[in-house]
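Colleague: I am new to this structure and would like to learn how to read its features. Could we go through a few of them together?

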Amino acid sequence: MEDLSQRAQQELEKMDLVNFFSDEEEFAPEDQHMNEEPAPEDQQMNEDFSKVNIATEESFNDKHNQMRLYRMFYDNFFPYKLYFHWLNYDITPTKNFTHREFSFTLPNDIYIRFKSFENAELLKKEIERLQPIKIDIGAVYSVQPKYKKTVSEKAFKPTEKELVFDIDMTDYDEVRTCCSGGDICLLCWEFMTVAIKIVDQSLREDFGFKHIMWVYSGRRGVHCWVCDERARKLDNDSRKAIINFLDIIKGGAHVSRKVKLPNILHPSLKRSFEVVKQHFNPLLIEKMGILDNEESWNKVLDIIPDSTVREKLAEKWKDNYKCSANEKWDMLVKEEEKSEKKKKFKDPFLRDIMFQYCYPRLDVKVSTNINHLLKSPFCVHPKTLKVCVPIKPEECEHFDPITVPNLNTLRKEVMEFDQQQNTDAKLPDYKKTSLKPYIEYFDKFVKSLLSETIQSKRDAAEKSMEF
Ligand SMILES: [Zn+2]
């Protein structure tokens with residue numbers, strides 16, 4: 001026993017966090033030494049970089065150019081070490097990392113699943129060798145995923161994964177009027193802000209999760225990674241229960257009323273409604289203009305259960321076509337008050353309309369299946385070339401997806417920095433660019449996860465010493 005606790009103590013000493021994360025370490029000697037001597041063709045690539053045309057549309061679409069930019073990103077920007085610490089939840093390799101599925105999409109669109117790595121160095125080497133245009137993260141399995149084919153199907157089971165959420169702007173096409181499909185703009189991005197606020201608050205306050213990372217998907221949505229140990233160990237049924245609790249928008253395109261909540265709201269929804277109320281008017285009435293034309297306001301009218309109210313309003317709105325949308329909404333509020341006053345069983349449909357137009361629309365499948373893959377943070381979106389950066393939930397209101405750095409901006413920023421001040425040659429490239437705050441935030445997030453691992457090891461060591 002003594003031997004064990006001694007060993008635990010030694011481990012802890014080795015894991016001094018302060019020394020472990022020196023500021024420069026991310027890209028410093030150890031990483032460099034992971035790099036192999038560049039092959040002649042790689043050197044050629046690097047030299048060619050100076051000739052890359054950054055600003056024009058043409059170059060953006062040029063596949064060859066794109067692959068050079070990817071290479072630059074994997075050589076100089078991808079935070080391998082932090083990434084390893086995040087998925088490993090410890091400093092020396094654990095099953096969390098070694099048994100984790102990674103999947104790569106290669107430049108020729110070949111898709112490789114069930115890759116796994118013993119440590120950060122091997123992951124780095126493989127990424128640099130294959131230059132994936134997309135990296136997905138899967139579950140931790142009972143057997144290292146790369147050995148999947150050598151064991152029976154029964155023996156190969158997913159055991160853990162972060163609880164994840166995927167919110168995609170395309171699911172908002174029936175409520176947004178500014179864009180559709182893959183397009184987004186600052187107006188409709190507010191739907192994502194609302195989603196982050198509501199889901200983040202619920203995960204923290206209703207479920208007690210602490211380690212929650214939000215990530216911009218690189219194009220038209222956000223992902224959420226709940227990394228608490230308790231969340232990682234949830235089975236599919238518990239994941240389903242959490243999603244069912246959060247998912248209140250039900251029914252396909254043919255269903256007009258998709259939200260029907262009880263008169264008295266659950267405290268969690270009551271809290272969410274505060275967020276909905278804050279955004280409904282500016283976002284839906286003003287920015288989306290859902291009451292500005294007949295086609296769009298008819299969708300609102302269709303939700304109203306009482307046909308007399310519905311018909312009355314249809315007439316009023318048509319008669320007062322030039323009224324502002326806010327005035328139209330006030331007419332609706334008044335009509336609801338009048339009609340509900342007489343009823344014994346209240347149906348607060350106005351509140352439900354607000355929920356239906358504002359509340360987060362979750363991709364249920366992604367969250368409920370433990371082995372579902374999700375695009376990795378710090379992956380580059382192959383269409384926009386934007387980096388999938390983390391979003392601080394407390395500052396989500398100020399997050400602007402349009403200004404997120406893409407590979408072209410990163411390249412340009414490094415060149416500009418180097419031209420202006422060539423004194424600090426050792427500075428890692430990410431620090432010369434607009435990617436810096438995102439990596440620093442990720443660093444902070446990972447540190448808080450690791451300090452928890454260290455604390456729980458310390459507690460276990462102390463406990464074993466007591467006996
Ligand atoms: Zn838009």
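Colleague: How many helices and strands does the chain have?

Modeller: This is a predicted model, in which local features need pLDDT of at least 70 and side-chain atom pairs count only at pLDDT 80 or more, while totals for chains, interfaces and linings use all residues. Residues are numbered from 1 along each chain as its sequence is written. Helices (H or I, at least four residues) and strands (E, at least two) are DSSP runs, numbered from the N terminus, and the chain has 20 helices and 9 strands.

Colleague: Is Glu 126 buried, exposed or partly exposed, and why?

Modeller: A residue is buried if 20 or more other C-beta atoms, placed from the backbone, lie within 10 Å of its own, exposed if 12 or fewer, and partly exposed in between. Glu 126, whose place is in helix α9 (residues 120-130), counts as partly exposed because it has 14 C-beta neighbours inside 10 Å. Of the 467 residues of the chain, 34% count as buried.

Colleague: At what angle do the axes of helix α10 and helix α13 cross?

Modeller: Axes are lines fitted to C-alpha atoms, for helices over the stretch in contact, and angles run from 0 to 180 degrees between N-to-C directions. The axes of α10 (residues 186-205) and α13 (residues 267-287) come within 10 Å and cross at roughly 175°, which makes α10 roughly antiparallel to α13 (angles over 145 degrees count as such).

Colleague: Which residues make the contact?

Modeller: Two residues are in contact if their C-beta atoms, placed from the backbone, lie within 7 Å; here Leu 187 and Val 194 are among those of α10, and Ser 268 and Leu 283 among those of α13.

How values were computed:
Angles under 35 degrees count as roughly parallel, over 145 as roughly antiparallel, 65 to 115 as roughly perpendicular and the rest as oblique.
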